[in-house]
Amino acid sequence: MRITARRVFLPGVPPFILAAFLCLGAPLGATAQDTEAVVTQLLESCGKPRTCLRDAFVYEGRAIHPLIVKALAGLPADARAVVTAVDLAAAQDANQFCCGDSFEVSLDEEGRIGASIDLVGAASAAQRPKEDCPEGCWFSYRFIGSTASDAQVVVTWEKSGGSGIFSTLLFLKPRKMLIFDGERWSTRLQLTAIGKMNLGAEAGTPVTLEGDRVRVGAREIAIAN
């Protein structure tokens, strides 16, 4: 995983899309920082694993892999989440969401984390043939923050082969679950999708948090407990 110091403007899609393209191929204008140093900086502001997940979208010292977020966001054509939970301890090292060095991470002007993965050029379990992506295929997310009730708000962007870029507002929540791993039962932390909204024409609209309310431009969404 490569973390860069490049800061991008989140609410307006065009600057972030530009940053995503820079992140996925062209050399970055900002100086690359040491991955461990940047993650350590993020960890210093949170502490415990669940708190780091809630406040910084970092788990066990690593940014959440964009393919994990992509699985929870589902297809842009689907109005509701289909894959609703991911076991983070297993997923961060799983072949299904390989590989740790296949994506890049950036911070926006407010220090919020985001990640981008090139689905053609970078080796990953979701690698796409170049011929299927004449204009490129990639997936990006930006962590907006957590509400007062611990719901996490993430905005995603996906280019899947055509000329369109699809954006989704994703609501996640960390939950402890009892899981059998083949040998014993243990309590594990799952990242659960509790809702999504395809942004469509609202893709360039600022997304902000106020307590347990998410604002998408003039629209206000109350988060259920």
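This report walks through the cross-links, charged pairs, aromatic pairs and nonpolar cores of the structure above.

The model is predicted, so local features need pLDDT of at least 70 and side-chain atom pairs count only at pLDDT 80 or more, while totals for chains, interfaces and linings use all residues. Residues are numbered from 1 along each chain as its sequence is written, and side-chain values use heavy atoms, with hydrogens and water left out.

## The disulfide

Let's start with the cysteines. A disulfide is a covalent bond between the sulfur atoms of two cysteines. Here the term is applied to a pair of cysteine sulfur atoms within 2.5 Å, and the count comes to one disulfide. Cys133 and Cys137 are the partners, with 2.0 Å between their sulfur atoms. The link of Cys133 and Cys137 is left-handed, at -95° about the S-S bond.

For exposure, buried means under 20% relative accessible area, exposed means over 50%, and partly exposed lies in between (1.4 Å probe, protein chains only). Cys133 has 5% relative accessibility and therefore counts as buried. Cys137, at 1%, is buried as well.

## Salt bridges

Next come the charged side chains. With a salt bridge taken as a side-chain nitrogen of Lys or Arg within 4 Å of a carboxyl oxygen of Asp or Glu, the whole structure holds ten salt bridges.

| Salt bridge | Distance |
|---|---|
| Asp108 and Arg112 | 2.7 Å |
| Arg112 and Glu110 | 3.9 Å |
| Arg213 and Glu220 | 3.0 Å |

Asp108 and Arg112 are both buried, with Arg112 at a relative accessible area of 15%. Glu110, in contrast, is exposed at 64%.

## Aromatic pairs

Rings of Phe, Tyr and Trp (its six-membered ring) pair if their centres lie within 6.5 Å; planes under 30 degrees apart count as stacked, over 60 as edge-to-face and the rest as tilted. The count by this rule is three aromatic pairs. Phe57 and Tyr141 have ring centres 5.5 Å apart and planes at 80°, so this pair is edge-to-face. The pair links distant parts of the chain, 84 residues apart: Phe57 is in the loop between helix H3 (49–56) and strand S2 (58–59), and Tyr141 is in strand S7 (residues 137–146). Helices (H or I, at least four residues) and strands (E, at least two) are DSSP runs, numbered from the N terminus. Phe57 and Tyr141 are both buried.

The rings of Phe180 and Trp185 have centres 5.2 Å apart and planes at 45°, so that pair is tilted. Phe180 is partly exposed, with a relative accessible area of 43%, and Trp185 is exposed at 56%. Ring pairs also join Phe57, Tyr141 and Phe143 into a cluster.

## Nonpolar cores

Which residues touch the most other members of the largest nonpolar core? A nonpolar core is a set of buried Ala, Val, Leu, Ile, Met, Phe, Trp, Tyr and Cys residues joined through side-chain atoms within 4.5 Å. In the largest one, which has 36 residues, they are Phe57, Ile64, Ile113 and Tyr141. Helix H4 (residues 66–73) supplies the largest share of this core, five residues. Apart from it lies another core, of 16 residues, including Met197, Leu199, Ile221 and Ile223.

Contact means heavy atoms within 4.5 Å. Leaving aside neighbours within four places in sequence, the contacts of Ile113 include Phe57, Tyr141 and Phe143.

## Around Cys99 and Ser102

Finally, a visit to one loop. Cys99 sits in the loop between helix H5 (88–91) and strand S5 (103–107), and Ser102 is placed in the loop between H5 and S5 too. Cys99 is partly exposed at 24% relative accessible area, whereas Ser102 is buried at 3%.

Cys99 and His65 are 34 residues apart in sequence and 8.5 Å apart in space, C-alpha to C-alpha. Beyond neighbours within four places in sequence, Cys99 is in contact with His65, Ala123 and Ser124. With those neighbours again left aside, Ser102 is in contact with His65, Ile117, Ala122, Ala123 and Ser124.
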